[in-house]
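I opened this notebook to record what I looked up in one chain. The entries follow the order in which I checked things.

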Amino acid sequence: MDPTQQKALNALESYILLSKSATSPRAAVDLITQAISAPNTYVFAELLQTPNIQALRSAAPEHACYLTLLEIFAWGTWSDYQETPNLPPLTDAQSQKLRQLTLLTLATSPSTLSYTYLLAALSLPSIRALEDLIISNIYAGLLSAKLDTLAKRMDVSSVAPLRDLRPDSVPQMVAVLEDWDSRCGAVLAEIECKVMEVRRKAQEVRRRELENEKAVEKAMEVESEKGKGKSAGKRGAREAVDRDGFGGEGGEEMDVDEGGGRGTKRGAKRGGKIAGIAKKWTSS
C-alpha cells in the first residue's frame, strides 16, 4: 500500500471508532465536521459506510446535507460543492482540503495542466494562490509535479491513490477493464501467431541446412571413393609393370639398350660369366 494512503487510513481510523457512539444526528454531524477538518484525512469511504453516518440520509435536511458534504470530500470536486445547493459553508481548512483533493482528481497521472485551467477549476484568485496550493500538495506527498512558471503550467508525474470511488463508477471501471482485457487478448493472440510463424520459418531454415549438410557429406563420400579407386588402379598398374615389363620370369633384370652400347656390354658380361661357370662344372 502507498505510504500516503496508509497514513490517511490511520488518520481516519479514530473517527470510524467514534462513529459507533454517534447515535444522534447532531453527533454524526459533529463527527463529519471534525473528520473533514483534521489534517492527513484524505479518504472517507470507510466512514461513509458506517451505519450512524448513513442514518443521516433519512434525517432532517439541515443534518442530511452533511452526508452530501462528506460524499463530496470522498469523491467530489470543488465545482461539485459550488453546484450543489443547500450545503453548509466551509472553513478555511476545509476549503483548502477540498481544493487539494480536487487537484488530485484533475491531475490524472501523468498530465500537464495549465494555470488558466486550474485557476478556473479551483476558483482561486491568483497564480500565487494556485502555486501555494500545488506546493502544499507536493509537500504533503499527495502528488509529484513540477511547476513551469514561464509556461504557466504544472507537469504531473504521479498522484497518490487517495480519492474514493463513486458508487456508480464501478460498472464503468469494469467495462473499461473488460475492454482492456479483450484488447490485451487480441494482442497476445497476434503475438502468438507471429511467434509460431517465426518458429516455422526457423524450422524450415534448419531443415534446409540439414539437407545441404547431408548433400555435402554425400558428395564428399563419393569423391573419397573415387579417389580410393584411382589410387588402387595406379598401384595395381605399377605392380604389373614391375612384374612383367622389367623383372621377367625368375626375377632377372632386363637390360635396356640405351644409346646402342650400354645394354650390349652388360649382356655380354652376363653371358661370359655364365659360360665360365658352365666350363668349370664340365671340367670337374
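**Entry 1: overall make-up.** I count as helices the DSSP runs of H or I with at least four residues, and as strands the E runs of at least two, numbered from the N terminus. By that rule the protein chain has eleven helices and three strands. I note that the model is predicted. Along the sequence I read the pattern α-α-α-α-α-α-α-β-α-α-β-β-α-α.

The protein chain has 284 residues, and 28% of them count as buried. Among contacts with a separation of 6 or more, 56% join residues 24 or more positions apart.

Entry 2: I picked Ser19. Helix H1 covers residues 3-19 and includes Ser19. Is Ser19 buried or exposed? Its relative accessibility is 2%, and the cut-off for buried is under 20%, so Ser19 counts as buried. Setting aside residues up to four places away in sequence, I find Ser19 touching Leu31, Leu47, Thr50 and Asn52.

**Entry 3: helix H5.** I checked the length of this helix first.

Next I asked how many residues of H5 are buried. Twelve of the 15 are, so H5 is largely enclosed by the rest of the structure. The buried residues are His63, Ala64, Cys65, Tyr66, Leu67, Leu69, Leu70, Glu71, Ile72, Phe73, Ala74 and Trp75. What do they pack against? I list helix H2 (25-37), helix H3 (45-48), helix H4 (51-54), helix H6 (78-83) and helix H7 (92-106).

**Entry 4: Ile32, from the H2 side.** Ile32 sits in helix H2. Its relative accessible area is 0%, so I log Ile32 as buried. Leaving out neighbours within four places in sequence, I see Ile32 in contact with Ile53, Leu56, Tyr66, Leu67 and Leu70. Tyr66, Leu67 and Leu70 are among the buried residues of H5. I also took the C-alpha distance from Ile32 to Leu69: 8.7 Å in space, for residues 37 apart in sequence.

**Entry 5: aromatic pairs.** I find two in the structure. Phe44 and Phe73 pair edge-to-face, 6.2 Å centre to centre, with 85° between the planes. Phe44 is in the loop between H2 and H3, and Phe73 is in helix H5, so this pair ties together parts 29 residues apart in sequence. Phe44 is buried, at 0% relative accessible area. Phe73 is buried too, at 0%.

Trp78 and Tyr81 make a tilted pair, 5.8 Å centre to centre, with 40° between the planes. Both lie in helix H6, three residues apart, about one turn of the helix. An α-helix has 3.6 residues a turn, so residues three or four places apart point the same way. I checked burial here as well. Trp78 counts as buried at 7% relative accessibility. Tyr81 is buried, with a relative accessible area of 14%.

**Entry 6: the sheet.** What is the strand order? I read S1-S3-S2, an open sheet of three strands with antiparallel pairing. Strand S1 (111-114) and strand S2 (143-148) stand at the edges with a single partner strand each, so one side of each has no neighbour in the sheet. From one strand to the next, the twist averages 25°.

I went through the pairings in turn. S1 and strand S3 (residues 153-159) run antiparallel, joined by four bridges. Ser111 is opposite Val156 in S3. S2 and S3 also pair in the antiparallel sense, over six bridges. There I find Leu143 opposite Val159 in S3. The hairpin of S2 and S3 has four residues between the strands, and in it Lys152 takes a positive phi near 55°.

**Entry 7: helices on the sheet.** Helix H8 (residues 115-122) lies across S1, S2 and S3, at about 75° to S1. Helix H9 (residues 127-139) packs on the sheet and touches S2 and S3. I note about 145° between the direction of H9 and that of S2.

Terms used: Residues are numbered from 1 along each chain as its sequence is written. This is a predicted model: local features need pLDDT of at least 70, side-chain atom pairs count only at pLDDT 80 or more; totals for chains, interfaces and linings use all residues. Side-chain values use heavy atoms; hydrogens and water are left out. Buried means under 20% relative accessible area, exposed over 50%, partly exposed in between (1.4 Å probe, protein chains only). Contact means heavy atoms within 4.5 Å. Two strands pair if DSSP finds at least two bridges between them. Axes are lines fitted to C-alpha atoms, for helices over the stretch in contact, and angles run from 0 to 180 degrees between N-to-C directions. Rings of Phe, Tyr and Trp (its six-membered ring) pair if their centres lie within 6.5 Å; planes under 30 degrees apart count as stacked, over 60 as edge-to-face and the rest as tilted.
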